[in-house]
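Please consider the model shown below, with attention to its helices and its charged side chains.

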Amino acid sequence: MVFDFDHYFIEPIQEKDSWKLCDFVVSNADRLKRYFPRTLEQNLTPDLSKYFVEKKVKQFLTKEELLFKLKHKERRTIIGLVYIKKLNQDKRQAELAYCIGYQFEGKGWMSQSIQALSNYAFEVLDVETLQIIVHNTNKGSIKVAEKCGYTWQTTLKKEHSPPNEPALDMELYELNC
């Protein structure tokens, strides 16, 4: 399954993507270190990325966690990631987490991606509620959530612990089918 747009496309991560994923993560390390610390630390070298991608491909097949890459059509590079995670079939609920390379922010591509993958989660994964958890200072991410129809629900106290920082309160946004 591929979602095809003018300048990029979205598809599941594949084993052949490990080098390009490593390149994306390393070039965006400053953007990822606070909210995607595990993705960052697991992709700092090509060997680490190879292991990470193998694991994510298996998790995708079992629907434990779905990792999608945004790939630029011309450059053939990974420009962003979207996770569908914490998939709970009993509650029919999942969480989306996303990041985009610094040179591609502000183009509306992440909003377009979140809209497409939200529809995918409702239609294919049969979830009823999708969540996005974001820090209140991450205005770009909040804008994406709101543009895609997600609404603020509550503040989750001490929800996220970035490396070498105290736990942060995070904002919960939801979208229902």
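The model is a predicted one. Helix H4 covers residues 46–61. Its 16 residues should span 22 Å at 1.5 Å a residue, and the distance of 23 Å between the end C-alpha atoms agrees with this. Ser49, Phe52, Val53, Lys56, Val57, Gln59 and Phe60 are the buried residues of H4. Viewed down the helix axis, these buried residues fall within an arc of 160 degrees, so they line one face of H4. Asp47, Tyr51, Lys58 and Leu61, on the other side of H4, are exposed.

The buried residues of H4 pack against several elements, among them strand E2 (8–12), helix H1 (18–27), strand E3 (66–72) and helix H5 (109–123). Just after H4, Lys63 adopts a positive phi of about 60 degrees.

Helix H5 has 15 residues, and its first and last C-alpha atoms lie 21 Å apart, close to the expected 21 Å. H5 is mostly covered, with 11 of its 15 residues buried. These buried residues include Trp109, Met110, Ile114, Leu117, Tyr120 and Phe122.

At the surface, Val26, Leu44 and Leu48 form a nonpolar patch with about 240 Å² of accessible area together. Val26 belongs to helix H1. Its relative accessible area of 42% makes Val26 partly exposed.

Attention now turns to charged side chains. Side chains of opposite charge can pair when their charged atoms come close. The structure holds 13 salt bridges. One of these joins Lys50 and Glu54, at 2.6 Å from N to O. Because Lys50 and Glu54 are 4 residues apart in helix H4, about one helical turn separates them. Lys50 is partly exposed at 45% relative accessibility, and Glu54 is partly exposed at 25%.

A salt bridge also forms between the side chains of Lys86 and Glu95, at 3.5 Å from N to O. Here Lys86 counts as exposed, at 53% relative accessibility, whereas Glu95 counts as buried, at 6%.

The side chains of Glu128 and Arg92 meet in a salt bridge of 2.5 Å, N to O. This pair links distant parts of the chain, 36 residues apart: Glu128 lies in the loop between H5 and strand E6 (129–134), and Arg92 in the loop between E4 and strand E5 (93–100). Glu128 is partly exposed at 38% relative accessibility, and Arg92 is partly exposed at 27%. Finally, a network of salt bridges links Glu11, Asp17 and Lys69.

Conventions. Residues numbered from 1 in each chain as written. Predicted model: local features only at pLDDT ≥ 70, side-chain atom pairs only at ≥ 80, totals over all residues. Heavy atoms only, no water. Helix = DSSP H or I, 4+ residues; strand = E, 2+ residues; numbered from the N terminus. Expected span 1.5 Å × (residues − 1). Buried < 20%, exposed > 50% of the residue type's maximum accessible area, 1.4 Å probe, protein only. Arc of directions from axis to C-beta. Contact = heavy atoms within 4.5 Å. Patch = residues over 30% accessible without salt bridge, like charges linked within 9 Å, V, L, I, M, F, W, Y side chains within 5 Å. Areas by Shrake-Rupley, 256 points an atom, 1.4 Å probe, with all protein chains shown as cover. Salt bridge = Lys/Arg side-chain N within 4 Å of Asp/Glu carboxyl O.
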